[in-house]
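Biologist: Hi, I'm new to this one. Could you walk me through which side chains pair up?
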Amino acid sequence: MNKKWITIIITGAVIAEILSLTPAFATSTPKEDTTTIKVVTIPAEQQQKKEVVDRLYKSWENGIIKIEESEGEKFKRVDWDLIYGVDIDRHFTNQLSDVEAQSFFMALDEAKKAYKTGDSQYGILLSKDHKAARVVWERSSGGFHIADIVLKIKSTILNKEENIWTLVNQEELL
């Protein structure tokens, strides 16, 4: 009976020793953090095939030509920068206050409600003074949709003055 107890005690001691080391191994073993969101740092424009990007820029340039034809001397191309639409945050809104950026995206979302099946992706003409934006996309029919978003002078939100972007006009150019 003594040998049996000695074997049980030794086995128990070995198991206890192994279990006492387990927390050390657990803390030293790196775990993958599943709560962290991976941030994509490559612009959407660079994630697309070159042919797609070239086709979109050509389409937006044709839309700009339609704006020039429609507005004549009122529209000066040199006063605007053409931005790959879905990268607007990288090129512009990341530098705005949270409220101003949110209002820009709300106005942009309002403009995008005019999308129809088959329309191409949008580009954004951003004025060099950053007070106006024109959302441009080609319709599946070959025309162009133009939406004007402008920066309104300050609005008081929660006792703080903030600039607010607003959709002011949308038109179809054939």
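Biologist: How many salt bridges does the count come to?
Modeller: The count comes to ten salt bridges, each being a side-chain nitrogen of Lys or Arg within 4 Å of a carboxyl oxygen of Asp or Glu. Keep in mind that this is a predicted model: local features need pLDDT of at least 70, side-chain atom pairs count only at pLDDT 80 or more, and totals for chains, interfaces and linings use all residues. Residues are numbered from 1 along each chain as its sequence is written, and side-chain values use heavy atoms, with hydrogens and water left out.

Biologist: Which residue forms a salt bridge with E71?
Modeller: That's R134, with the closest N and O atoms 2.6 Å apart. The pair links distant parts of the chain, since E71 sits in helix 3 and R134 in strand 3, 63 residues apart. Helices (H or I, at least four residues) and strands (E, at least two) are DSSP runs, numbered from the N terminus.

Biologist: Is R134 buried or exposed?
Modeller: R134 is buried, at 6% relative accessible area, while E71 is partly exposed at 21%. Buried means under 20%, exposed over 50%, and partly exposed in between (1.4 Å probe, protein chains only).

Biologist: Which residues are linked with E71 and R134 in a network?
Modeller: D148 and E171 are linked with them in a network of salt bridges.

Biologist: And what does R139 meet in a salt bridge?
Modeller: The side chain of E172, at 2.8 Å from N to O. R139 is in the loop between strand 3 and strand 4 (144–157) and E172 in strand 5, 33 residues apart. R139 is buried at 7%, whereas E172 is partly exposed at 42%.

Biologist: New topic: how many aromatic pairs are there?
Modeller: A search of the whole structure finds nine. Rings of Phe, Tyr and Trp (its six-membered ring) pair if their centres lie within 6.5 Å; planes under 30 degrees apart count as stacked, over 60 as edge-to-face and the rest as tilted. One of the pairs is F104 and W165, edge-to-face with 5.1 Å between centres and 85° between the planes.

Biologist: Where do F104 and W165 lie?
Modeller: F104 is in helix 5 (residues 98–112) and W165 in strand 5 (residues 160–173), so their pairing ties together parts 61 residues apart in sequence. F104 is buried at 0%, and W165 is buried at 3%.

Biologist: What about Y115 and W137: what kind of pair do they form?
Modeller: A stacked one, 4.1 Å centre to centre with 5° between the planes. Y115 is partly exposed at 28%, but W137 is buried at 0%.
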